[in-house]
Amino acid sequence: MTGGQHGPRSGPPWPSRAGGPGAGQAGPPRPADELGDLLARVARGDHEAYAVVYDRTVGQVLGMVRAVLRDPAQSEEVTQEVLLDVWRSAARFNPELGSAGSWVMTLAHRRAVDRVRSEQKAAERELRVASAVVAYDEVTEAVEAQLDRERVRRCLGSLTELQRESVTLAYYGGYTYREVAELLGVAVGTVKTRMRDGLIRLRDCLGVDA
Amino acid sequence: MSGTYRRRFRGGDPHTLAAAYAMDAVPEPDRAPFERHLAGCESCRQEVRGMREATAALAAASAVRPPAALRDAVLRATEQTRQFPPPVTRARTAWAARSGGGWRPRLALALACVLAAVAAVSGVLAYRMQNRLDQAQVRDHTVALVLGAPDATMLSAHVRTGGMATVVMSHRERALVFTAADLRVLPSAESYELWLTGPAGSKPAGMVDVSGRGKMVGPMVVSGLSAGESVRLTVEPASGSQRPTSPPIVVIILTPAQ
């Protein structure tokens with residue numbers, strides 16, 4: 001497989017279903033700029049560096065895109081587009097505007113959401129209400145072994161129900177804040193506030209730096 | 001500006017939208033005014049940044065094992081895909097060499113003029129362009145040089161297949177800035193390519209990145225202008241072409257040097 005050749009610290013971030021050796025040992029957190037350094041090499045056309053970037057991000061990109069789109073084939077297609085985008089746009093990554101990981105995931109989330117909004121008709125989207133909520137359950141279930149996931153779950157769990165629903169429907173469900181308000185039957189202003197409070201709490205709980 | 005903005009903005013206090021924006025949950029009618037607000041609000045940008053780090057952690061929590069075939073497909077595709085150039089290069093030294101301080105108001109004025117002209121073409125375009133240009137101001141000195149040049153000229157034309165292309169050019173800087181709005185979405189196998197065409201034929205001037213949010217593309221910088229050239233846009237295979245393989249969908253004839 002792919003992860004091994006780059007040493008234990010660059011192992012794939014997705015859960016190992018077999019529970020093989022090393023699964024669940026998150027190890028020391030990577031320096032935040034390591035992925036950024038790799039992107040700088042990718043910007044110069046370095047295919048080897050790109051392969052490492054690919055291995056480190058593809059699991060997260062696919063998982064998130066699938067949470068939003070649900071359809072496996074479409075999710076792979078969008079994931080492919082996103083990762084090709086990372087190759088093409090590497091020179092446009094600006095470390096002053098955030099971490100490399102967040103840059104990649106922002107590209108990915110936008111593409112996923114754009115796909116949802118451009119292709120999914122309103123009627124079909126209604127049906128996804130349930131699945132968006134399921135996505136959150138799946139997430140909490142899938143996170144057990146790994147430290148990072150555990151932390152995210154704990155932090156999501158520290159949100160109020162309305163905050164958590166607002167965040168998960170918007171992020172994993174790909175809904176606009178107005179749609180989220182509609183789905184939850186609360187005022188638009190309330191949803192905006194809950195999203196903000198929820199993300200601030202999440203950010204502080206995770207201890208991520210701006 | 002923010003006072004005007006608040007009055008116009010139906011969503012209430014724009015600051016509360018940062019979280020929704022970080023999750024791509026701000027729909028089109030609200031997004032452009034929010035991005036406009038964001039361009040002038042450093043604390044809002046910082047808030048969005050922090051929230052994006054948090055949402056990236058949400059993404060990490062949903063990681064799954066990808067199919068191996070995907071890796072081969074993507075790695076193969078990169079072999080055939082040209083990369084976008086970095087946003088800053090040539091102008092850095094020229095920029096630094098300028099006497100300190102004086103450029104800022106001049107640039108602001110030039111930007112304002114360009115934006116006013118664009119606004120005459122389309123209000124929506126102006127919103128987006130303002131946002132794009134604010135970002136460009138920070139990261140792309142060439143764009144700033146062209147827009148700030150005393151001989152900066154703006155030319156716009158309708159794209160045959162839909163949308164509007166705009167060029168701001170300066171003979172003094174021998175460069176132009178290209179943007180377009182509302183281009184038709186292409187199938188993934190195709191891509192827009194920009195050309196600089198002179199008596200000797202067409203030179204590739206870059207693939208047009210339409211992957212961004214919204215329908216605005218650019219700004220792209222094309223350097224090394226000569227007299228009598230034109231800018232063309234064609235539809236090419238996604239990997240790009242060395243020569244145009246289809247008729248141009250827009251031609252903008254550059255003004256002669258004065």
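The model is predicted, so local features need pLDDT of at least 70 and side-chain atom pairs count only at pLDDT 80 or more, while totals for chains, interfaces and linings use all residues. Residues are numbered from 1 along each chain as its sequence is written, and chains are lettered from A and ligands numbered from 1 in the order in which they are written.

Let's start where the chains touch. Here 65 residues of chain A are in contact with 48 residues of chain B; two residues are in contact if their C-beta atoms, placed from the backbone, lie within 7 Å. On the chain A side, α2(A) gives the most, with 12 residues. Helices are DSSP runs of H or I with at least four residues, strands are runs of E with at least two, and both are numbered from the N terminus.

The table shows two contact sets by class.

The largest nonpolar core has 75 residues, and A:Ala170 and B:Ala20 have the most contacts inside it. Such a core is a set of buried Ala, Val, Leu, Ile, Met, Phe, Trp, Tyr and Cys residues joined through C-beta atoms within 7 Å. A residue is buried if 20 or more other C-beta atoms lie within 10 Å of its own. Leaving out residues up to four places away in sequence, A:Ala170 touches residues of both chains, including A:Tyr177, A:Met195, B:Ala20 and B:Met23.

A:Ala170 also belongs to α8(A), where it is among the residues that meet α10(A). These two helices pack at an angle of about 90 degrees, with axes 8 Å apart; axes are lines fitted to C-alpha atoms over the stretch in contact, and angles run from 0 to 180 degrees between N-to-C directions. Angles of 65 to 115 degrees count as roughly perpendicular, so α8(A) and α10(A) are roughly perpendicular to each other.

In α9(A), the buried residues are A:Tyr177, A:Glu179, A:Val180 and A:Ala181. Their cover includes α8 and α10 of chain A together with α2 of chain B. Just after α9(A), A:Gly185 takes a positive phi of about 65 degrees.

How values were computed:
A residue is buried if 20 or more other C-beta atoms lie within 10 Å of its own, exposed if 12 or fewer, and partly exposed in between; C-beta atoms are placed from the backbone. Angles under 35 degrees count as roughly parallel, over 145 as roughly antiparallel, 65 to 115 as roughly perpendicular and the rest as oblique.
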